[in-house]
Amino acid sequence: MASVPSLATQVRQRVSDALAVALPEGSSADPSPRPAGWGDPMLRRSDRADFQANGMLALAKELKAKPRELAGRVAAQVDGGDLLAEVEVSGPGFLNITVTDAAITSNLAARAADDRLGVPYADAPGTTVIDYAQPNVAKEMHVGHLRSAVIGDSLVRLLEFTGETVVRRHHIGDWGTQFGMLIQYLDEHPHELDHGAAGGPASGEEAASNLNRLYKAARAVFDADDAFKERARRRVVALQSGDPETRALWQRFVDESKLYFFSVFDKLDMEVRDADIVGESGYNDMLDETCALLADAGVAVDSEGALCVFFDDIKGQDGQPVPLIVRKSDGGYGYAATDLSAIRDRVFNLKAQTLLYVVDHRQSLHFRMVFETARRMGWLDDGVTAVQLAFGTVLGKDGKPFKTRAGTTVRLEDLLDEAIDRASAVVREKADKAVPPLTEAEIAERGTQVGIGAVKYADLSTSAARDYKFDLDQMVSLNGDTSVYLQYAYARIRSILRRAGSDARPVPHPELALEPAERALGLHADGFAAVVAEAAEEHAPHKVAAYLYQLASLFTTFYEHCPVLKADTPAQVENRLFLADLTARTLHTGMDLLGIRTPERL
């Protein structure tokens, strides 16, 4: 089905058409050639009408005309038709515009007839690689891994929904000198990663316990035993040179870690596919060539035995240039070599037009230098862009980086389990009010959906660049801007529709007059497609979250002021059921774009 133009788009076009008639190009009132974008009505929603057009003020200044007079000329030329009920000149030269009730209902009917609710596909979709959810092998995931995973997953959903081809990349930390210590310890203690009494498959929890125990034991020996330290260093050389036995032991760490990663991502209700996990080691075969290309082009130069890239505008506190070290003086490769090789792979092999990195803001300088280096090499150009979506820090209630009471980093699994426990208590408290009451199994399932949704929404309702406070009491609250509020709004609507007793989609009635609360809900519901497109283009899932919260709030007002099942006439009952059904579908679709479940009953 073709996309459905929003009421705002239709109104904007009517005003633009009127402007062209009121001020024909080349007339005495407008003798100059018009630049692109000339005469933008500058339409926005208004609390004094449905829409307000402010563009007459800027245009009058440009033409040295009187704003109210110009606005009056334009208003007189607007073709209202079935779309507009009133166009009024207001204030210094605004146009206050009210659309008809029939136009609202008819436009919503067109959206309801489309499985995508009228959300269009992007005009020129391409291929985007999203680099997100990047835990480290042989280490536990902590609260610092939360934002990259949650934001990245939502961006995948948003971009795919608008037609973009998305390639997911989980650039896990699976290489480095620390593996010499771990591999050597495992070689000397070969049963440390065994699973259970029978050696069967490990759970994610068991894998995490094994890895954590082994890491601490290996570190203790490494710090205390110089002979072991030397053996560990030789293991690093063996690993990097491709020694089969050493590589096999390294692979055991990777496989064990993946078991753990998958268990955590599963709890987060995120799909992470093995084929999309391409860690640092995945680019090892490209590192020599990347360095050679940089050196041959003169982009990277020798500096005290290291291969470095310098930048005129990046200096340290001492005023000296801060280089991007591609290859260290001892011959080892830095993160830059891996990241530049990944760019080459993503541009030339994956044919991506956009590279999106969902990475902590503390790595901003590193990526700024990496991207500039790639531009100098021509790997990034006008046809290929790289963007770091630099996200802020998760804070505790005290406004400081989130830690345990002991001052240690919070394990991600512990955080998620606590959220589920808190949410389950909320669900249990209201379980008897559901019809029929929720069973124990349903309480457990809903508690998980509400708890994980609460964690995700708290993150996604905040602009990625900002820090946010992790406050579970607020996150699982039924009041305010929380996912729980949205989930209960959805469940309430589904309950209303079940009580209506029909499986058929409610039929809209454009001939009916609408109450103010119906109009407000309808106008907001009509804006869903524009918000999704804007959020995808700007990589801003928080805009979808803000839209959905306002939608749920407007439905609450509608429900309080407009009886649905007890409306005055059968047609009005059906029309209000139609509004409720479209609201539920919009909530469901929007929450799915955020990676949050919407239970049918709560």
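Colleague: At what distance does the side chain of Ser148 reach the backbone nitrogen of Ala133?

Modeller: This is a predicted model, in which local features need pLDDT of at least 70 and side-chain atom pairs count only at pLDDT 80 or more, while totals for chains, interfaces and linings use all residues. Residues are numbered from 1 along each chain as its sequence is written, and side-chain values use heavy atoms, with hydrogens and water left out. The side chain of Ser148 reaches the backbone nitrogen of Ala133 at 2.9 Å.

Colleague: With which side chain does that of Ser148 make a polar contact at 3.1 Å?

Modeller: A polar contact is a pair of N or O atoms within 3.5 Å; within protein, one must be able to donate a hydrogen and the other to accept it, and residues adjacent in sequence count only if both atoms are side-chain atoms. For Ser148, the side-chain partner at 3.1 Å is Gln134.

Colleague: Is Ser148 buried or exposed?

Modeller: Ser148 lies in helix H5, residues 146–161. Buried means under 20% relative accessible area, exposed over 50%, and partly exposed in between (1.4 Å probe, protein chains only). Because its relative accessibility is 3%, Ser148 counts as buried.

Colleague: Which residue in S11 is the bridge partner of Val359?

Modeller: Helices (H or I, at least four residues) and strands (E, at least two) are DSSP runs numbered from the N terminus, and two strands pair if DSSP finds at least two bridges between them. Strands S10 (residues 354–360) and S11 (residues 385–391) run parallel and are joined by 7 bridges. Within S11, Val359 is partnered by Ala390.

Colleague: How are H18 and H19 oriented to each other?

Modeller: Axes are lines fitted to C-alpha atoms, for helices over the stretch in contact (heavy atoms within 4.5 Å), and angles run from 0 to 180 degrees between N-to-C directions. The axes of H18 (residues 528–538) and H19 (residues 541–561) come within 7 Å and cross at roughly 155 degrees. Angles under 35 degrees count as roughly parallel, over 145 as roughly antiparallel, 65 to 115 as roughly perpendicular and the rest as oblique. H18 and H19 are therefore roughly antiparallel.

Colleague: How far apart in space are Pro436 and Glu280, C-alpha to C-alpha?

Modeller: Pro436 is placed in the loop between helix H13 (412–430) and helix H14 (440–460). Pro436 counts as exposed because its relative accessibility is 52%. Pro436 and Glu280 are 156 residues apart in sequence, and in space their C-alpha separation is 52 Å.
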